[in-house]
Amino acid sequence: MQKKDPPILVTRPSLPPVEEYDQLVREIFSSRFLTNGGAQHQKLERALKEKLGTPFLRLFTNGHLALECAIQALNLEPGEIITTPFTFISTTHAIVRCGFTPVFCDVEPDFFTIDPTKIERLITPRTRAILPVHVYGNPCDMDAIDEIAKRHNLPVLYDAAHAFGVTIKGRTVSEFGTASMFSFHATKCYHTIEGGAIATKDAAFAELLNGYKNFGYHADEEIREVGGNAKMNEFQAAMGLLNLKYFDSEIEKRGKVAARYRENLSGVAGLAFRPVREGATQNFAYLPVSFDPQVFGANRDQVSDKLKEYGIFARKYFYPLTSESACYAGRFDPNKTPVALAASRNVLTLPMFADLALSDVDDICELVASCKK
Ligand code: T4K
């Protein structure tokens with residue numbers, strides 16, 4: 001097989017037809033309204049509210065700041081937030097940057113989402129909230145989590161960065177918990193270049209988000225919170241409006257890519273795809289595959305290196321665990337979350353994007369399978 005030139009990267013953003021974006025950019029130019037809740041922003045907020053079936057939705061300049069604003073808007077006393085370490089570093093950083101201590105709960109072996117059977121033993125008088133992650137777009141066991149939270153009177157903030165468009169038993173993921181954060185980064189299956197949103201059923205919480213994302217302003221001359229600046233601009237919102245129009249076809253194309261991977265690699269001993277939680281839909285945000293080196297005969301890193309030789313850049317999402325990142329050295333013990341630790345060593349996320357040619361998927365699969373000993 002020839003080395004891929006150009007290389008195949010883990011993802012490649014989809015873009016709407018440039019003429020359509022040009023049309024909206026012209027509208028922005030003539031309005032001279034570039035940010036601070038202009039026409040495109042308002043249209044996108046309405047459209048996403050409808051798409052997610054949520055009564056309140058607030059847009060942000062990126063998912064990370066959305067998460068920080070949401071933590072601030074929970075108005076918690078200082079203390080601990082229960083979360084998982086098998087996620088992008090943003091989740092843990094947001095907790096720490098808002099002044100809380102993350103307490104790491106292990107993940108379920110099948111889905112890599114927070115293990116609800118292990119949450120209660122971590123609840124102490126200092127616990128203030130639970131922050132689970134729908135990792136790779138796989139929804140957490142939200143019924144179990146929300147039940148625990150209710151019993152202990154704790155808010156639940158879902159990191160739904162990967163889960164835009166996902167439903168479970170006919171309900172969108174944002175119908176659960178106190179609020180959900182979605183990332184609309186360029187690498188996501190739905191994007192606004194950079195961007196993010198918080199969906200919530202709580203009107204007062206949504207009002208607080210207005211303040212935290214805009215310097216505390218609620219009206220001219222009325223500054224209630226010590227807020228920052230996390231507003232989405234008009235060019236981002238315009239991209240979001242167009243990408244929303246093409247979202248269903250985006251997911252359909254990704255579904256075909258995922259099906260081809262499964263077709264080619266199912267049945268390879270020692271290699272496993274993630275199962276889908278009962279009743280959940282998929283947005284095919286990522287294509288995580290885990291390797292059992294004892295059975296497969298090669299480990300995740302060897303597969304990754306082999307792909308690189310051929311110009312194919314898979315990624316080790318999520319390695320290292322956030323709890324073992326250099327900036328947290330000595331603060332947390334990754335051995336206390338052994339399932340998450342094993343996942344971080346064994347999972348490789350293979351290239352996944354709507355335009356990935358099925359012939360390239362076949363080549364990637366051939367290389368992966370060739371690593372088996
Ligand atoms: N919570 C969770 C669970 C998250 O996963 C994330 C973000 C957040 C919170 C925070 O949300 P944001 O603030 O980001 O909205 C990427 C993304 O930057 C990040 O959004 C994402 N999660 C994370 C999992 O992945 P990197 O450092 O891996 O990105 P990068 O630049 O290496 O890009 C990945 C690949 O995509 C590269 O091979 C190149 C390609 N690419 C990238 C961009 C930006 C393109 O082809 N075009 C592009 O425009 O973090």
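**Entry 1**

I began with asparagine 36, in the loop between helix 1 and helix 2 (39-52). This is a predicted model, so I am reading computed geometry here.

I then turned to phenylalanine 284. Its phi is also positive, near 50°, and this residue is not glycine either. I found phenylalanine 284 in the loop between strand 12 (271-273) and strand 13 (287-291).

**Entry 2: cis peptide bonds**

Next I checked omega. The bond from aspartate 5 to proline 6 is cis, with omega near 5°. I placed proline 6 in the segment before helix 1 (18-31).

Which residue is joined to tyrosine 317 by a cis peptide bond? I noted phenylalanine 318, with omega at about 10°. Phenylalanine 318 belongs to the loop between helix 10 (300-309) and helix 11 (338-346). I will meet Tyr317 again below, among the closest residues to the ligand.

**Entry 3: around the ligand**

Where does the ligand sit? I found it in the largest pocket. Helix 3 (63-73), helix 4 (89-97) and strand 8 (179-183) are the elements that give two or more residues to the shell around the ligand.

How many residues surround the ligand? I wrote down 26. The closest are Asp159, His162, Ser183, Arg315 and Tyr317. I sorted the shell by residue type: 11 are nonpolar, 12 are polar and three are charged.

I also asked which domains take part in the shell. Domain 1 (18-245) and domain 2 (247-370) each supply at least three residues.

**Entry 4: polar contacts and burial**

- Glycine 63 uses its backbone: a polar backbone atom is 2.9 Å from an oxygen atom of the ligand.
- Aspartate 159 uses its side chain: a polar atom there lies 2.7 Å from a nitrogen atom of the ligand.
- Lysine 188 also uses its side chain, with a polar atom 3.0 Å from a nitrogen atom of the ligand.

How much of the ligand's area does the protein bury? Taken alone, the ligand exposes 930 Å². I noted that the protein buries 74% of that.

Note on methods: Residues are numbered from 1 along each chain as its sequence is written. This is a predicted model: local features need pLDDT of at least 70, side-chain atom pairs count only at pLDDT 80 or more; totals for chains, interfaces and linings use all residues. Side-chain values use heavy atoms; hydrogens and water are left out. A residue is near a molecule or strand if one of its heavy atoms lies within 4 Å of it. A polar contact is a pair of N or O atoms within 3.5 Å; within protein, one must be able to donate a hydrogen and the other to accept it, and residues adjacent in sequence count only if both atoms are side-chain atoms. Accessible areas come from the Shrake-Rupley method with a 1.4 Å probe; for residues, only the protein chains shown count as cover. On a 1 Å grid over the protein atoms alone, a cavity is a set of points where a 1.4 Å probe fits but cannot get out, and a pocket is an open set with protein on both sides within 12 Å along at least five of seven lines; lining residues have an atom within 4 Å of a point. A molecule sits in a cavity or pocket if more than half of its atoms lie within 2 Å of its grid points. Helices (H or I, at least four residues) and strands (E, at least two) are DSSP runs, numbered from the N terminus. Ala, Val, Leu, Ile, Met, Phe, Trp, Tyr, Cys and Pro count as nonpolar, Asp, Glu, Lys and Arg as charged, and the others, Gly among them, as polar. Domain bounds come from an automatic or database domain assignment.
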